[in-house]
Structure formats: structure tokens, C-alpha cells
Amino acid sequence: MANFNEYINLIDFHKGKGLVPTIVQDYNTREVLMLAYMTKESLIKTLEDKTSWFFSRSRNELWNKGATSGNFQIVKEIKIDCDGDTILLLVEQKGVACHTGARSCFYRSFT
């Protein structure tokens, strides 16, 4: 865990009042799968067990993606943006990412 602290400290959790937007992208295809929010605690859990953990704003609790649906995300790489206020998870998606049953939450197009 000590190795992770250096990177966790680069993330600005205060800017979003404890929440950091997190983009989830397929490790192999680079398809954007979803957007969720992480807290420091959910990031630590993600680093520990290599599956994605997020914070549910509607339920006000941590959730492990796939714990209910079986559609887990195996985290392959974690990146942070230049400002330290956005996280990018590169994952191996097991099943679908979207609660609607679509592979990606971004299945609707305006163009």
C-alpha cells in the first residue's frame, strides 16, 4: 500500500468535495465504457483488489462494479490527468458495462 500513497497524493479529492470523475475505458479496444466517481477510499479498494470500486452518489456508498451483475472490471492500468482531478481506469470488462445491458454507457449518438 505504501507504494500507492505517492500517486494517491497527486489526486485532488478536495476539488470535487471528495469525488473525482473516473473514466473507464477498455484496455484493449480503448472504447469508453462509462463514467463514475471515485473517493480516496474507493481508489484504495481498487488498488488493493484490482477490480473497480466507485462511490454511488444516489446511494451514498461505495460499490464494486459487478458485485451484483457479475459484470466485473479487472483493472489493468490507472492514469490521472495533468490537473490531478480526473482518473482514467483501463480495464478488462467482463460482460457489459452499462446497467441497460449495453456494452458501453455511451451507446447513444447525436450525430
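Which exposed residues sit on the face of H2 turned away from its buried side? They are Glu41 and Glu48. Keep in mind that you're looking at a predicted model.

- Helix H2 covers residues 40-49, and its buried residues are Ser42, Leu43, Thr46 and Leu47.
- Look down the axis of H2 and you'll see those buried residues fall within an arc of 140°, so they line one face of the helix.
- Here's a handy bit of background: an α-helix has 3.6 residues a turn, so residues three or four places apart point the same way.
- Just past the end of H2 comes Lys50, which takes a positive phi of about 65°.

**A nonpolar patch on the surface**

- Four residues make up a nonpolar patch on the surface: Ile23, Val32, Leu35 and Phe106.
- Taken together, these four have about 340 Å² of accessible area.
- One of them, Val32, belongs to strand E2, which spans residues 32-38.
- Val32 has a relative accessible area of 35%, so it counts as partly exposed, given that this label covers values between 20% and 50%.

- UniProt, in an unreviewed entry, puts the feature "binding site" at Asp81, Asp83 and Asp85.
- To find Asp83, go to the loop between strand E5 (73-80) and strand E6 (87-93).
- Asp85 is in the loop between E5 and E6 too.
- Are these two buried or exposed? Asp83 is exposed, with a relative accessible area of 52%, while Asp85 counts as buried at 15% relative accessibility.
- The cut-offs behind those labels are under 20% for buried and over 50% for exposed.
- What does Asp85 touch, if you skip its neighbours within four places in sequence? Asp85 is in contact with Lys15, Val20 and Pro21.

**Further along the chain**

- Arg108 turns up in the segment after E6.
- With a relative accessible area of 69%, Arg108 is exposed.

How values were computed:
Residues numbered from 1 in each chain as written. Predicted model: local features only at pLDDT ≥ 70, side-chain atom pairs only at ≥ 80, totals over all residues. Heavy atoms only, no water. Buried < 20%, exposed > 50% of the residue type's maximum accessible area, 1.4 Å probe, protein only. Helix = DSSP H or I, 4+ residues; strand = E, 2+ residues; numbered from the N terminus. Arc of directions from axis to C-beta. Patch = residues over 30% accessible without salt bridge, like charges linked within 9 Å, V, L, I, M, F, W, Y side chains within 5 Å. Areas by Shrake-Rupley, 256 points an atom, 1.4 Å probe, with all protein chains shown as cover. Salt bridge = Lys/Arg side-chain N within 4 Å of Asp/Glu carboxyl O. UniProt positions renumbered as here; feature names shortened; annotations may be inferred. Contact = heavy atoms within 4.5 Å.
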